[in-house]
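This report describes a protein model through its aromatic pairs, its nonpolar cores, its helix packing and its backbone geometry. Please keep the sequence and the structure in view while reading.

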Amino acid sequence: MRAKTLFLLCLMLFLAACGGGEEPAPKEKVGLERLKADKSTMTELKTPTFDHGKATFATIGTGGVNGVYYPSGGAIANMVNAKRDEYDIRMSVESTGGSVFNINAVLAGDMQFGMAQSDRQYQAVNGIAEWAEKGPQTKLRSVFSLHPEVLTLVAAADAGIKNIGDLKGHSVNIGNPGSGQHRNSTDALGAVGLSLGDIQPVEVRAIESSDLLQSGAIDAYFYTVGHPSAAIKEATEGKRKVVIVPISGVGALFAKFPYYVPAEIDTSFYPELASPDGKITSFGVKATLVTSSDVPDGVVYAVTREVVENLDAFRAQHPALQCLTREGMLQGLSAPIHPGAAIYYRQAGMM
């Protein structure tokens with residue numbers, strides 16, 4: 001009961017802090033700039049009509065059920081489904097392996113929307129990383145940004161891991177291939193001079209990490225996630241005590257990759273940590289919602305409109321969303337904004 005009370009108190013402080021300052025200006029505004037620069041596209045945007053009597057089905061690819069993506073996707077689907085008489089859209093949510101899976105599924109037409117980290121969106125648009133062989137993914141479109149996601153390094157207190165360099169020789173879950181944290185983890189390791197050969201890498205989904213750590217199968221794991229996180233909180237409450245380890249000395253990443261930004265993790269969210277230590281240094285990205293140019297304008301318009309016009313209700317779905325603003329929804333986007341979203345943004349005076 002005491003731990004629960006402390007967690008709720010920390011959450012209240014977090015909500016109060018959301019209004020305490022301006023969000024840093026984003027480094028990556030390509031999606032918005034491309035759309036503003038295309039005047040012919042802007043003049044052709046018209047409010048879509050909806051074909052009543054013919055239902056449209058759409059799926060949102062999210063992530064693990066204990067993360068932020070899944071409840072966020074569920075909230076979006078519920079808001080659109082509540083207006084089925086107006087839109088005649090039926091939305092569903094699917095738990096998936098994460099960003100790369102979602103982007104590829106959207107581009108293949110298997111899903112209409114997907115949650116993806118801003119770095120993965122950037123890489124797909126520019127044809128790098130997992131998309132190096134396929135080239136730039138020209139059909140990928142942005143809808144909006146959500147919350148900041150921080151690369152979080154959780155370690156067993158008994159493993160003696162005080163900084164990221166101490167991971168050498170340890171068994172570490174770096175995330176499943178195709179997930180955001182897999183790439184973020186390898187980038188972080190490389191920035192401090194470590195390769196996968198220097199650790200004992202495990203490559204499974206982040207939601208499995210807590211059980212693996214408690215069983216002694218691993219000593220540490222990376223997780224790119226918004227805070228406070230139910231999954232991280234669960235990890236702190238096991239018999240094997242854990243700490244959150246600073247990820248510092250990675251300044252070169254910010255110059256090399258424009259989607260990375262410095263970030264901090266407030267340990268007061270997790271009172272069961274072995275040694276709560278104020279704010280822990282790390283870096284992060286933004287969570288975004290993406291779609292394809294093949295998805296009809298009306299479907300994307302409906303999703304965008306319902307989230308913006310019900311922003312207070314949407315923010316209430318998860319503490320990580322509490323600082324989301326209308327302005328913040330247009331930050332961190334690399335892919336061109338889908339015309340269906342742009343129509344609403346222009347109507348709402350957001351662009």
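## Aromatic cluster

Tyr122, Phe254, Phe257, Tyr259, Tyr260 and Phe283 are linked into a cluster by ring pairs, where rings of Phe, Tyr and Trp (its six-membered ring) pair if their centres lie within 6.5 Å, with planes under 30 degrees apart counted as stacked, over 60 as edge-to-face and the rest as tilted. The model is predicted, so that local features need pLDDT of at least 70 and side-chain atom pairs count only at pLDDT 80 or more, whereas totals for chains, interfaces and linings use all residues. Residues are numbered from 1 along each chain as its sequence is written, and side-chain values use heavy atoms, with hydrogens and water left out.

The structure holds eight aromatic pairs. Phenylalanine 257 and tyrosine 260 form an edge-to-face pair, with 5.7 Å from centre to centre and 85° between the planes. Phenylalanine 257 is buried at a relative accessible area of 12%, and tyrosine 260 is buried at 0%; buried means under 20% relative accessible area, exposed over 50% and partly exposed in between, for a 1.4 Å probe and protein chains only. The rings of tyrosine 260 and phenylalanine 283 have centres 4.9 Å apart and planes at 75°, so this pair is edge-to-face. Because tyrosine 260 lies in the loop between α11 and β9 while phenylalanine 283 lies in strand β10, the pair ties together parts that are 23 residues apart in sequence; helices (H or I, at least four residues) and strands (E, at least two) are DSSP runs, numbered from the N terminus.

## Nonpolar cores

The largest nonpolar core has 47 residues, of which Leu167, Phe222, Ile247 and Phe283 touch the most other members. Such a core is a set of buried Ala, Val, Leu, Ile, Met, Phe, Trp, Tyr and Cys residues joined through side-chain atoms within 4.5 Å. Among the elements that each supply at least two residues of this core are β4 (140-156), α8 (180-191), β7 (220-225) and β10 (279-292), and the largest share, six residues, comes from β4. Leaving aside neighbours within four places in sequence, phenylalanine 222 is in contact (heavy atoms within 4.5 Å) with residues including Leu151, Leu153, Ile164, Leu167, Leu189 and Ile247. A second, separate core of 40 residues includes Tyr87, Met115, Leu311 and Ile343.

Valine 242, found in strand β8, is buried with a relative accessible area of 1%. Although valine 242 and alanine 157 are 85 residues apart in sequence, their C-alpha atoms are 4.8 Å apart in space.

## Helix packing

Helix α6 (residues 99-108) and helix α7 (residues 118-126) pack at an angle of about 45°, with their axes 10 Å apart; axes are lines fitted to C-alpha atoms, for helices over the stretch in contact, and angles run from 0 to 180 degrees between N-to-C directions. The two helices are therefore oblique to each other, given that angles under 35 degrees count as roughly parallel, over 145 as roughly antiparallel, 65 to 115 as roughly perpendicular and the rest as oblique. Their contact is made by Ser99, Val100 and Ile103 of α6 and by Arg120, Gln121 and Ala124 of α7. Eight of the nine residues of α7 are buried, so α7 is largely enclosed by the rest of the structure.

Helix α4 (residues 69-81) and helix α12 (residues 297-309) have axes that come within 9 Å and cross at roughly 100°, which makes α4 roughly perpendicular to α12. Here Ile76, Met79 and Val80 in α4 meet Ala302, Val303, Glu306 and Val307 in α12.

## Backbone geometry

Most residues other than glycine have a negative phi, and most peptide bonds are trans. Histidine 227 and proline 228 are joined by a cis peptide bond, with omega about 0°, and proline 228 has its place in the loop between β7 and α10.

Aspartate 88, which is not a glycine, has a positive phi of about 55°; aspartate 88 lies in the loop between α5 (84-87) and β2 (89-94) and is buried, with a relative accessible area of 10%. Alanine 129, likewise not a glycine, has a positive phi of about 55°, lies in the loop between α7 and β4 and counts as partly exposed at 25% relative accessibility.
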